[in-house]
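Dear colleague,

Please find below the structure for your review. My notes on what was found in it follow.

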Amino acid sequence: MGVLEEKIKNHIRVIEDFPQPGISFKDFSGIFQNSELSNEVIQSLASHARGKVDLVCGIESRGFLFGFPLALALDVPFVMMRKKGKLPPPTVSETYQLEYGEATLEIIENQIQLGQRVLIHDDVLATGGTARAASNLIEKVGAKPVQYSFLIQLNFLQGLKNLKSDVEVISLLEFQS
């Protein structure tokens with residue numbers, strides 16, 4: 001495990017049976033108590049994306065926390081990808097299946113331009129359904145998803161299987177269980 005991975009892991013609390021029985025919640029809010037570590041996270045993510053992307057798209061809501069500063073570090077625009085009905089019209093949307101139903105992601109129309117190379121950022125890669133829907137939405141507007149970035153990857157949920165295979169995946173910390 002690298003130095004940054006170890007620092008991140010030391011700032012994560014694991015809460016068993018939250019938000020429901022059987023879930024082992026990874027609370028990374030402790031990272032925000034350490035501005036030096038927060039900056040290291042942003043700089044690490046930026047180092048993987050620099051020169052490869054034209055904009056960063058953050059998935060609601062925890063994908064905004066590092067997604068916007070990441071866009072600033074890269075000197076590229078930031079686009080919010082939110083749940084249906086949270087953004088003013090006109091919007092473009094993508095509906096996708098969850099384990100317990102369906103959800104819809106939206107972006108404001110014309111904020112992502114034809115041919116732009118897009119980094120999709122979210123806090124955690126779990127099953128990969130939301131990140132896959134995000135890449136579908138980006139393609140729907142004629143742009144190209146070129147990188148997914150996550151603070152944490154939960155390998156035991158096999159989310160990589162649901163992501164587009166031609167898009168680079170960056171995760172700063174992986175949990176096996």
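E168 forms a salt bridge with K52, their closest N and O atoms lying 3.2 Å apart; the term denotes a side-chain nitrogen of Lys or Arg within 4 Å of a carboxyl oxygen of Asp or Glu. E168 belongs to strand β9 (residues 168–175) and K52 to the loop between α2 and β3 (55–59), so this pair ties together parts 116 residues apart in sequence. Nine salt bridges are found in the whole structure.

This is a predicted model, in which local features need pLDDT of at least 70 and side-chain atom pairs count only at pLDDT 80 or more, while totals for chains, interfaces and linings use all residues. Residues are numbered from 1 along each chain as its sequence is written, and side-chain values use heavy atoms, with hydrogens and water left out.

Helices (H or I, at least four residues) and strands (E, at least two) are DSSP runs, numbered from the N terminus. Helix α1 (residues 3–10) packs against helix α2 (residues 35–49) at an angle of about 135 degrees, with the axes 11 Å apart; axes are lines fitted to C-alpha atoms, for helices over the stretch in contact, and angles run from 0 to 180 degrees between N-to-C directions. The contact (heavy atoms within 4.5 Å) involves L4, K7 and I8 of α1 together with L37, E40, V41 and S44 of α2.

Strands β5 (residues 91–98) and β6 (residues 101–108) run antiparallel and are joined by eight bridges; pairing requires at least two bridges found by DSSP. A hairpin of two residues connects β5 to β6, and E94 stands opposite L105 in β6.

Yours sincerely
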